[in-house]
Amino acid sequence: MIIRKTTIAAGITAALLAMAGCDGDDGDRGATGAQGPQGEQGQQGTPGTPGSQGPQGPAGENATDTNIVLSFMGRFETGQFDESAAEIVDFDPATDRAFVVNAQSGKVDVLNATDPAAPALISSLNVAADVAGAVEGIDTDDLGAANSVSVYDGFLAVAIEASPKTQPGYVAFYQTDGTFVTALQAGALPDMLTFTPDGSKVVVANEGEPNGDYSIDPEGTVTVIDVSGGITNVTAANVTQISLGTAALTGPVRISSKSASQGADLEPEYVVVSADSQTAYVMLQENNAVAEINLADNTVASITGLGFKDFSIPGNELDASNDDGAINIRNWPVFGVYMPDSAEIIEVAGKTYLLTANEGDGREYLTGAADEADCTAQGGFDFDDGDCFHYLDEVRIKDIEDDGATFSADLLARLPAGFDEDEQLGRLKVVANLGTTGACASLATTGLPEADCSYEGLYSYGARSFSIWDASTMQRVYDSGSDFEVITANRLGLFGFNASNDDNEGDDRSDDKGPEPEAIEVGVVAGKTYAFIGLERVGGVMVYNISNPESPRFVQYINPRDFTLADVEDDLDLVGDLGPESIKFVSAEDSPTSRPMLIVGNEVSGTTAFFDIEIVN
């Protein structure tokens, strides 16, 4: 409300005159008068000058959801069946060369991948001969299989084991043009190696497996080679051997009762390194654990057990029998021991995650023998068709009671009637020294149970899945559950489901480790992160979008294998790829086709396969 100044002035004058006419005490305050009428609204001011308009932003784009599709391009064939002729693969983008470990030959095949539809052999690096020529006092007879290869900035490192494998192996360095540089000693049975992301170090997982009669069991160790001063300048002074024998164990780390020590029993299998090159995560497969190595000072930060997968939970079903003539994927009251083979590492929103391919692996140590008497003389406990067993830690569920061991009342209450029949759980192989109570003295000698042993739980090998773990806590945030068996069952039917990698008999591996996830790789395509998992037995590659690590999404299963052939060895040139052992992702920027691609090494068929990755909307 706006009141004019003249009205206010008149009111004030009248009040002053009234007060002047009174000379006694002030009287009582009078009642408040009625409010006067609202005055007229004043004149509106002149509008201000408008500000200048800012520049127009770019036009928006409609959001497009992208996905990927893999398709087979071509393969290189060695023609060698079941000889590990194509195992670990890596790629050099500067030369468009693929490097493939031909394990038993002790060589690395160098392939021209300029045209992935028709890869061709350029040469083979004779690693055994090169190492023997560089290291005084050894010859090629002192060296065994090549096991791993890793490429970085014009150089490659190759791991090669000794013969016998219980002796220290070596790491050989080459230029990517094939020129040998040098060789340095690693630990016993160097099984896998990798350059750190910044190229400053090479980290080696030395498995340290026992010999055939378990009379020699070297320590499993980790070798770190500092190459920051240049690979051409590296010497033995740049090598650090890290022991795991005194590190504290957290959680259910599996240590066999036969082992001489913690260090001897721990068996490093695979290594991945964080993006900042400061931390290595080492898979201890048979121990179902992960070791964290601080690469700043080459110390063991932790060794953590991964726990177990409960196959009785909905979503975790499995087919447990290869003798039921059907696909029977269902829940069972047994556990899976993850026992990852290969692994990968990613960072999302500042968090580090580990991805594992949960293969599972039993311990089986044997020698050759002419007959049962020869086996006994060697100290073995069982003779089977030329094989003399000295230690075996896997047992079929139906054989537990046959060996004199028993099941606890609580376990029997959880198991269905007739569980030990071949069509149910009878043929499923479980870890003999897990879930036991009692003296179980024989577990420290043969590895198998006898009458002094009772089972409170049953633990099978592997988890038939891939998992994602929070690296800071080693807590699992995702597992693919029964996906691999359900998807392959729907895709292949009984004739291909859970087939092995050396025959086309469907359902053959259900009592073992099912599809047996072996290899895992990650790659970023069009801003999304994908996981590629190779299934060692049934074959093929599973593809998942893992951009959200706690909620991955299945994308594709591709398997260029012909399951209709009667004899895969006789038809090796027709069957396709058998036994994927490793996978290499090549980005579009590094690919000779200017599109992303995968390279897969298949150890049973001896083939190296190339897959195109197409981005689709």
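Where is Pro-164 found? Pro-164 is found in the loop between β7 (155–162) and β8 (168–175). Strands here are DSSP runs of E with at least two residues, helices are runs of H or I with at least four, and both are numbered from the N terminus. A cis peptide bond joins Ser-163 and Pro-164, with omega at about 5 degrees.

The model is a predicted one: local features need pLDDT of at least 70, side-chain atom pairs count only at pLDDT 80 or more, and totals for chains, interfaces and linings use all residues. Residues are numbered from 1 along each chain as its sequence is written, and side-chain values use heavy atoms, with hydrogens and water left out.

Next comes Ala-183. This residue is found in strand β9 (residues 180–188). Ala-183 has a relative accessible area of 12%, so it is buried. Buried means under 20% relative accessible area, exposed means over 50%, and partly exposed lies in between (1.4 Å probe, protein chains only). Ala-183 and Val-158 are 25 residues apart along the chain, and their C-alpha atoms are separated by 9.2 Å.

Now to the charged pairs. Side chains of opposite charge can pair when their charged atoms come close. A salt bridge is a side-chain nitrogen of Lys or Arg within 4 Å of a carboxyl oxygen of Asp or Glu. By this rule the count comes to 20 salt bridges.

Take Asp-393 and Arg-254. They form a salt bridge, and their closest N and O atoms are 2.5 Å apart. The pair links distant parts of the chain, 139 residues apart. Asp-393 sits in the loop between β25 (387–392) and β26 (394–396), while Arg-254 sits in the loop between β14 (249–250) and α3 (262–265). Is Asp-393 buried or exposed? Asp-393 is buried, because its relative accessible area is 0%. Arg-254 is buried too, with a relative accessible area of 5%.

Lys-309 and Asp-479 make another salt bridge, at 2.7 Å from N to O. Lys-309 lies in strand β19 and Asp-479 in strand β33 (residues 475–479), so the pair ties together parts that are 170 residues apart in sequence. Lys-309 counts as buried because its relative accessibility is 2%. Asp-479 has 14% relative accessibility, so it also counts as buried.

Arg-595 pairs with Asp-612 in a salt bridge, with the closest N and O atoms 2.6 Å apart. Arg-595 is in the loop between β38 (580–586) and β39 (597–602), and Asp-612 is in strand β40 (residues 607–616). The two are 17 residues apart. Arg-595, at 35% relative accessibility, counts as partly exposed. Asp-612, at 8%, counts as buried. Elsewhere, salt bridges that share partners join Glu-394, Lys-429, Arg-509, Asp-512, Lys-513, Glu-516 and Arg-537 into one network.

What about a charge without such a partner? Asp-319 lies in the loop between β19 (308–310) and β20 (335–337). Asp-319 is buried yet has no salt bridge. Arg-464 is the nearest side chain of opposite charge, 6.0 Å away. Lys and Arg count as positive and Asp and Glu as negative, while His and the chain ends are not counted. The side chain of Asp-319 reaches the backbone nitrogen of Ser-321 at 3.1 Å. A polar atom of the Asp-319 side chain also lies 2.9 Å from the backbone nitrogen of Asn-328.

Arg-464 itself is found in the loop between β31 (459–461) and β32 (466–470). Arg-464 is buried, with a relative accessible area of 3%. Its phi is near 55 degrees, a positive value in a residue other than glycine. Asp-385 also has a phi near 55 degrees. Asp-385 lies in the loop between β24 (382–384) and β25. At 73% relative accessibility, Asp-385 counts as exposed.

The tour ends on the surface. Asp-323, Glu-401, Asp-402, Asp-403, Asp-420, Glu-421, Glu-423, Glu-450 and Asp-452 gather there in a patch of negative charge. Patches are made of residues with over 30% relative accessible area and no salt bridge; like charges are joined within 9 Å, and nonpolar side chains (Val, Leu, Ile, Met, Phe, Trp, Tyr) within 5 Å. Asp-402 is found in helix α5 (residues 397–402). Asp-402 counts as exposed because its relative accessibility is 63%.

Technical notes. Areas by Shrake-Rupley, 256 points an atom, 1.4 Å probe, with all protein chains shown as cover. Charge placed at Lys NZ, Arg CZ, Asp CG, Glu CD. Polar contact = N/O pair within 3.5 Å; in protein donor to acceptor, adjacent residues only side chain to side chain.
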